[in-house]
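Subject: Structure for you to look at

Hello,

Here is the structure I said I would pass on. Please open it beside this email; my notes follow below.

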Amino acid sequence: NFDIPKGKSNPRPEFSLKDWQKLTKFMRGWVDEEFSYKRGKSYKSPRIYRERFYLQQYILILGNTGIRIGEARNLRWIDLSSITIENEEERLVLTVDGKTGRRDVIANQGTETYFKRLAEFRTEELGKTPDRNEFVFCHNDGTSVQSYKKGYQNLLTLCGLRETPNGDYRTIYSLRHTYATMRINEVPIYQLSVNMGTSVKMIEEFYSHARVRSKSFAKSMTQ
């Protein structure tokens with residue numbers, strides 16, 4: 001599933017903060033790109049726009065929740081809720097069902113924006129509010145999108161992020177790993193493991209390197 005060719009060493013290549021920012025910035029223009037067709041006229045293909053728009057939100061959501069590919073594939077509108085924290089702020093909650101069973105996932109602040117974009121797009125496409133049991137990531141006919149692999153790989157190639165500086169190929173799983181390496185310096189490992197539906201041992205084994213490299217870790221270790 002990791003799509004790593006022979007000779008590549010790291011099965012979990014993530015995006016650095018700099019590369020993540022490069023990707024998200026690139027996608028803004030990429031989604032709205034116009035295509036030239038016959039007679040020299042610029043034309044934005046509705047089909048291509050839809051595919052790119054959905055992929056953009058997919059990447060942003062996976063990168064800000066850490067959910068697995070299968071969990072995203074099965075996600076329905078009815079699985080979204082919220083929880084109120086201090087100062088009456090709300091955080092989006094995703095109830096996912098995947099490899100490790102059913103669990104609630106607290107999304108990063110701002111993730112609700114990406115779901116709102118999808119809901120508005122789908123409402124306009126249907127001419128009505130989508131059914132709450134419909135898949136979030138769906139085709140025109142409402143069936144679940146099984147894979148974004150090809151579009152994702154083409155996108156990364158276009159913006160020069162398909163490979164890491166070490167020569168490892170990034171895959172869709174890299175979005176989950178990016179979430180983990182960015183959050184490990186912000187939240188306790190146990191809480192992160194619960195939110196990601198994995199063990200503390202797995203978090204420590206695959207992502208502790210990100211904590212050691214952090215400035216806050218270096219500071220606390222040398223006080």
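To start, are Arg-103 and Glu-71 buried or exposed? Both Arg-103 and Glu-71 are buried, where buried means under 20% relative accessible area, exposed means over 50%, and partly exposed lies in between (1.4 Å probe, protein chains only).

Two notes on the source. This is a predicted model, in which local features need pLDDT of at least 70 and side-chain atom pairs count only at pLDDT 80 or more, while totals for chains, interfaces and linings use all residues. Residues are numbered from 1 along each chain as its sequence is written, and side-chain values use heavy atoms, with hydrogens and water left out.

Overall layout

The chain has nine helices and five strands; these are DSSP runs numbered from the N terminus, with helices (H or I) of at least four residues and strands (E) of at least two. Read from the N terminus, their order is α-β-β-α-α-β-β-β-α-α-α-α-α-α. The chain counts 223 residues, 43% of them buried. Contact means heavy atoms within 4.5 Å. Of the contacts between residues at least 6 apart in sequence, 58% join residues at least 24 apart.

Cores

A nonpolar core is a set of buried Ala, Val, Leu, Ile, Met, Phe, Trp, Tyr and Cys residues joined through side-chain atoms within 4.5 Å. The largest one here has 42 residues, and those with the most contacts inside it include Leu-23, Tyr-58 and Phe-137. Among the elements that give two or more residues to this core are helix H1 (17–31), helix H2 (46–65) and strand S4 (90–98). H2 gives the largest share, eight residues. Apart from this core lies another, of eight residues, including Tyr-179 and Met-196. Beyond its neighbours within four places in sequence, Phe-137 is in contact with residues including Tyr-54, Tyr-58, Leu-118 and Tyr-148.

Salt bridges

There are ten salt bridges, each a side-chain nitrogen of Lys or Arg within 4 Å of a carboxyl oxygen of Asp or Glu. Arg-103 and Glu-71 form one of them, at 2.6 Å from N to O. This pair links distant parts of the chain, since Arg-103 is in strand S5 (residues 101–106) and Glu-71 is in helix H3, 32 residues apart.

Another salt bridge joins Arg-50 and Glu-125, at 2.7 Å from N to O. Arg-50 is in helix H2 and Glu-125 in helix H4, 75 residues apart. Arg-50 is buried, with a relative accessible area of 8%, whereas Glu-125 is partly exposed at 30%. Glu-125 also forms a salt bridge with Arg-122, with the closest N and O atoms 2.5 Å apart. These two are three residues apart in helix H4, so about one helical turn separates them. A network of salt bridges links Arg-50, Arg-122, Glu-125 and Glu-134.

Aromatic rings

The structure holds eleven aromatic pairs. Rings of Phe, Tyr and Trp (its six-membered ring) pair if their centres lie within 6.5 Å; planes under 30 degrees apart count as stacked, over 60 as edge-to-face and the rest as tilted. The ring centres of Phe-53 and Tyr-54 are 6.2 Å apart and the planes stand at 75 degrees, so this pair is edge-to-face. Both residues are buried. Ring pairs link Tyr-49, Phe-53, Tyr-54 and Phe-121 into a cluster.

Regards
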